[in-house]
Amino acid sequence: MSISPRSTRYTKKKRKRSLNFSSSSSVRNELDPERMPKHVAIIMDGNGRWARKRLLNRINGHEKGAEAVRTVVRTARKLNIPVLTLYAFSTENWQRPQPEVSGLMLLLRRFLESEHKTLVENEIRLHAIGQIDRLPKAVRDKLNAVMNATADNTRMVLNLALSYGARTEIVDMVKRIAQSVQKGTLDPAAVTAETVAENLYTCGMPDPDLLIRTSGEMRISNFLLWQIAYSEIFFTPTLWPDFGEDEFVEILTAYQSRERRFGAIP
Ligand code: IPE
Ligand code: IPE
Ligand code: MG
């Protein structure tokens with residue numbers, strides 16, 4: 001299935017104060033630089049179906065998906081989005097057949113190797129959330145090397161969710177808070193929403209303003225359960241390997257046309 005990237009699937013509204021966004025693929029779109037989301041989170045789904053439709057191996061779908069990751073990182077950086085979180089591998093994904101898990105780990109390592117220089121040059125800081133100690137040593141080593149090499153970068157944070165599950169994150173948060181209470185450094189009566197946020201893997205990051213899920217599935221699949229309390233959510237039928245700059249800009253434009261009320265009356 002292919003959908004014209006030029007179609008106005010999400011919105012037809014235009015904003016007055018706008019940034020004339022011109023990309024390599026000659027997309028022009030109007031975005032207000034002052035209303036860009038501070039944090040975009042993406043559930044990158046549909047690699048397997050993309051491959052199956054072409055009678056290819058699922059790993060070929062993941063390879064193509066890695067190219068879409070490069071495009072989206074480049075676009076987010078161009079648009080000055082401060083934090084981009086990508087759901088690359090869930091705690092539940094360990095249940096997949098061993099060859100697929102190994103293939104994904106190899107692709108992850110290759111991605112880190114190939115993007116190392118680009119991240120440094122573009123002043124992007126790499127960060128990871130999830131059970132990093134469960135990743136194979138070769139991946140962990142490369143991840144740590146790139147995180148160290150980019151630690152002082154301030155233009156954007158690329159936050160990779162690897163062996164990530166929101167329920168595990170919440171369990172870990174509860175354990176940390178309980179330990180502080182046990183040590184006597186935290187009064188249970190003083191626990192607030194901030195205490196919770198500070199003890200999640202995303203400590204110090206703003207909550208996602210925008211959450212995108214590709215592949216047409218309308219579920220969250222254990223992603224950032226606490227943090228997405230007030231995120232604007234977009235589901236698109238596009239399979240992740242087909243997700244590109246045009247559609248990303250289109251969703252951002254639609255995001256800017258939404259009224260965020262946070263329960264109040266505007
Ligand atoms: C998303 O694509 C990538 C990962 C979960 C690692 P899938 O592999 O889930 O693709 P589908 O959902 O089977 O099409
Ligand atoms: C969610 O996709 C996880 C990632 C994109 C990494 P899944 O394909 O694993 O989720 P379900 O199984 O459709 O819920
Ligand atoms: Mg999937």
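Reader: Which polar side-chain atom lies 3.4 Å from an oxygen atom of ligand 2?

Author: Keep in mind that this is a predicted model. For a polar contact, look for a pair of N or O atoms within 3.5 Å. Here, a polar atom in the side chain of Arg 213 is 3.4 Å from a ligand 2 oxygen. Asn 93 also brings a polar side-chain atom, 2.9 Å from an oxygen of ligand 2, and a side-chain N or O of Arg 96 is 3.3 Å from a ligand 2 oxygen.

Reader: What gives the most to the shell around ligand 2?

Author: Go through the shell element by element. Strand E4 (residues 83–90) gives the most, with 4 residues. Sorted by class, that shell of ligand 2 has 5 nonpolar, 3 polar and 4 charged residues.

Reader: And which polar contacts does ligand 1 have?

Author: A backbone N or O of Arg 49 is 2.7 Å from an oxygen of ligand 1, and a polar backbone atom of Asn 47 is 3.2 Å from a ligand 1 oxygen. From a side chain, an N or O atom of Arg 96 lies 2.7 Å from an oxygen of ligand 1. Ligand 1 exposes 380 Å² when taken alone, and the protein buries 87% of that.

Reader: Where does the largest share of the shell around ligand 1 come from?

Author: From H1, with 3 residues.

Methods:
Residues numbered from 1 in each chain as written. Chains lettered and ligands numbered in written order. Predicted model: local features only at pLDDT ≥ 70, side-chain atom pairs only at ≥ 80, totals over all residues. Heavy atoms only, no water. Polar contact = N/O pair within 3.5 Å; in protein donor to acceptor, adjacent residues only side chain to side chain. Areas by Shrake-Rupley, 256 points an atom, 1.4 Å probe, with all protein chains shown as cover. Helix = DSSP H or I, 4+ residues; strand = E, 2+ residues; numbered from the N terminus. Nonpolar A, V, L, I, M, F, W, Y, C, P; charged D, E, K, R; others polar.
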